Amino acid sequence: MESFDFIEMKVPARAEYVGVVRLSTSGIANRMGFSYEEIEDLKVAISEALSNATEHAYKTGDDGEVTIGFGVYQDRLEVMVADRGGSFDLQKIKKDIGPYENNQSIEDLREGGFGLFLIEALMDKVEIKNDYGVIVLMTKYLHENEVDINDDQISTTQ
Amino acid sequence: MNLNIERIDNGETQELKLAGEIDAYTAPQLKEALLPLTKNEGTTVVVDFEGVNYMDSTGLGVFISALKSTKENNSDLRLVALQERVRRLFDITGLDSIIDIESTVRGGK
């Protein structure tokens, strides 16, 4: 089996801890040899997942915890963000995400609509599981070892 | 992991100078400072991003609200001096086509 280091953090599901996890992410990614740009992408993607989880906890009045797992592999970083809150309508959310299009009216723009879209744009692979709470699993490959990722890559054509 | 907001009152032009990080924790603070400024008809609100080294979609949300408010109240919103990384989020999401954004850091600063 492929060997990897695993780092787990548990933080209260509150906005003030998003920055703490962001700093940890930056440290781990830096140690692995990700470039400055890639580290910035990781910081945004992981903050988005965490912001979703904390907002979710806030809405349901659930003063819970969010668990973040970092799988440090030779060629990639896998990050899992899990909250224990109730599930949400994934199909609806998927339908709602995407960049702003010129024919859209500004009034229709959703203030909170870009989080998941950014995660998909900035990471190489994203999976969301919605069975028991919400689990976001994100992968970013180290550039020099980039192999076999094209099939799963999400287009960021602008 | 904080955001400093400095307000400079030049009459018709109201400037907010930001320094720090805009995320889920600091975005409500920004919204509270920014939205009231957009409610005055004829005002141009300039947001100076020079000191902002991190922003995510929670920040984008604040600027979407502010933009909507300028449309309702006949005011203007301009974002200036954005760092490349921060600018990129507006580009990826297509918001650069509806928000007035100036990336270049103005001279002499």
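Strands here are DSSP runs of E, at least two residues long, numbered from the N terminus. The model is predicted. With that, start at chain B.

Stop 1: Select residues 3-10 of chain B, strand β1, and residues 13-22 of chain B, strand β2. The two run antiparallel, and eight bridges join them. Click Leu3(B); in β2(B), its bridge partner is Gly20(B). Now go to the turn. Two residues lie between the strands of this hairpin, and Gly11(B) takes a positive phi near 70°.

Stop 2: Show the strands of chain B in the order β1-β2-β3-β4-β5. These five strands form an open sheet with mixed pairing.

**Stop 3: the parallel pair.** Select residues 76-80 of chain B, strand β4. This strand runs parallel to β5(B), and three bridges join the two. Pick Val80(B); its bridge partner in β5(B) is Glu102(B).

**Stop 4: the helices on the sheet.** Select residues 57-73 of chain B, helix α2. Helix α2 packs on the sheet and touches β2, β3 (44-55) and β4 of chain B. Its direction makes about 150° with that of β4(B). Next, select residues 84-92 of chain B, helix α3. Helix α3 also packs on the sheet, touching β3 and β5 of chain B. The direction of α3 makes about 110° with that of β3(B).

How values were computed:
Residues numbered from 1 in each chain as written. Chains lettered and ligands numbered in written order. Predicted model: local features only at pLDDT ≥ 70, side-chain atom pairs only at ≥ 80, totals over all residues. Pairing = 2+ DSSP bridges. Helix = DSSP H or I, 4+ residues; strand = E, 2+ residues; numbered from the N terminus. Contact = placed C-beta atoms within 7 Å. Axes fitted to C-alpha atoms, helices over the stretch in contact; angles between N-to-C directions.
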